[in-house]
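Hi everyone, thanks for coming. I'd like to walk you through one structure today, starting with its nonpolar cores. Let me put it up on the screen.

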Amino acid sequence: MTYNRKRQIAAAVLVLVTAALVANEVRLLVTDPEYDWYLRIQRWIAAVCTMAIYTFLYRENPFYRAFEHVLLGGATGMGCAVIVRQQLIDKWFAPMVQGFRDWFTTGMTPEALSGVLLIVPGIVGLMWYFQYSKRWFWLSRITFCITLGAGVGLGFKDTFNQLLPQITETFKPLWVGARIEPGLSLLARVSLSFENIIFITGTISVLMYFFFVFERKHFVIKGPAQLGRWYLMVALGAFFGNTFMTRLSALIERVHFLVAEWLQWG
Amino acid sequence: MEHASAPVIILFVLFAAFVLLQIQRARHGAHIFLRRIAGLEVIDDAIGRATEQDRPIMFNPGRDDLSVNLFCSLSVLGYVTRKAAKLNMPVNVPVSMPLAYAMAEEYWKDAYDAMGRGGMFAVEDNIRYLSGDQNAFGMSCAGWIKRERIGANLLFGSYGFEAMIIAEAGQQAGAIQVACTPTFFQVPFFIVTCDYTVFGEEFYAAGAYFSHDPVLTGSLAGQDWCKLVVLGLIVAGILVFTLTQQNLLANLLLW
């Protein structure tokens, strides 16, 4: 099929689809007594955006590109607005101004001090912009080091607080005796013990898979590391299935919007 | 306020000692063995293949803000950019976090300057802040990959659901793809769409693997010794529980 022929067919399909959509809208206008122009325009915009993005499944095209940039601009603008209103104004500027006001009216109370001190993170934050000055670049490193140091310090604390309970959770008996679970049948004990063995071998082998500086020559490391790989693959397969179902429900939601809310079929 | 218990303090001191000791060893030139990681070894081939096809390279540092993960990504970016600069190839870097932009730019520029190729490619064409929003970032990366016909797509960092969108676009564009992520939930999607996938703690090893920096290599070795201690505790805990039918070690550690 020649290029021109393909374009003619695509144009014909486009005209037919547009005509069908217009006809559908006229149907709604005539039959729906509660036809809401404002709501319909909203749904049309949402539907066009959705379909524009879905055209990427066929190929990258100007229609997709236009809406990609619309979304990009919208998301960035929205992000800026959220940061300015919810962070800078609500959590920094307003409490700081209030702090200074209290200081000058009622004196330096603890509440006023906590507000006044907000000027420090403001100055430290502004110093980040010295990234763009060759002469004052070193000042941005102060912000950088404070941010990183605080992040690492908090992360370190969390890691150790979480590590110990995680370690102790893996302490499971290879045989579940009567002292641990009284009143269980032999079959239930065997079943619980088997479960524990699966769990323990998985934990140990996966941990050994992530050794980097020990050579995998000896079977004591090589064997468990290979077993750990299998465990990981099984776990990842389960994750894949689970997440795939979540993504499918997102697709169903979009299709439902297009069919039931936009076209109002059925 | 929550205070550390005695076992936590002991472990903290022990782990810190391991890491510091290994860093010291590495600084004094001791050879530290690092096991082969196939996904990292193939990066040179990916850059080479993109060069042969005369298609640009994309290095995606993910959605990490100023964090350890970002530094791991950027150390690999430095390596990739130096390799690409040697071959006069551009490296495209989509950025999702505002703070990461300035740092990525610095690493990128330094690498080209170090190879004597400073000014060969424009920063604003190659490093672009896209969006902090996952949808917009994913879509924009996908569009960029298709438009520029990326030859090698290297995904190093943390990702959310946009991982699949980006990697699928790379797959459709016929790019050789290497993904390296600490985000466990996205690993299956990278496995099905990328040629090589490196995950979990291997991501943190990547920095040491490429830079051979004594601090990174030493801390990696130190962490392995820490894992060995954890492994020892687990085995001991299991044996004690099995033999005495009481979780004595857990009680002791959580005391």
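So, the largest nonpolar core in this predicted model has 82 residues. The ones with the most contacts inside that core are B:Ile57, B:Val80, B:Ala104, B:Leu154 and B:Ala206. Which element gives the largest share of this core? That would be helix α4 of chain B, residues 68-86, which puts in 9 residues. And the core reaches into both domains of chain B: at least three residues come from domain 1, 38-211, and at least three from domain 2, 213-255.

Let's pick out B:Leu154. Leaving aside residues up to four places away in sequence, B:Leu154 touches several others, among them B:Ile43, B:Ala46, B:Phe59 and B:Val178.

Okay, chain B as a whole. You can count 12 helices and 6 strands, and of its 255 residues, 54% are buried. Looking at contacts in chain B with a separation of 6 or more, 72% are between residues 24 or more positions apart.

Last, confidence in chain A: the mean pLDDT is 90, and 100% of the residues reach 70 or more. Among the chain A elements, helix α7, residues 186-209, has the highest mean at 94, while helix α6, residues 137-169, has the lowest at 84.

Notes. Residues are numbered from 1 along each chain as its sequence is written. Chains are lettered from A and ligands numbered from 1 in the order in which they are written. This is a predicted model: local features need pLDDT of at least 70, side-chain atom pairs count only at pLDDT 80 or more; totals for chains, interfaces and linings use all residues. A nonpolar core is a set of buried Ala, Val, Leu, Ile, Met, Phe, Trp, Tyr and Cys residues joined through C-beta atoms within 7 Å. A residue is buried if 20 or more other C-beta atoms lie within 10 Å of its own, exposed if 12 or fewer, and partly exposed in between; C-beta atoms are placed from the backbone. Helices (H or I, at least four residues) and strands (E, at least two) are DSSP runs, numbered from the N terminus. Domain bounds come from an automatic or database domain assignment. Two residues are in contact if their C-beta atoms, placed from the backbone, lie within 7 Å. pLDDT is the predictor's confidence in each residue, from 0 to 100.
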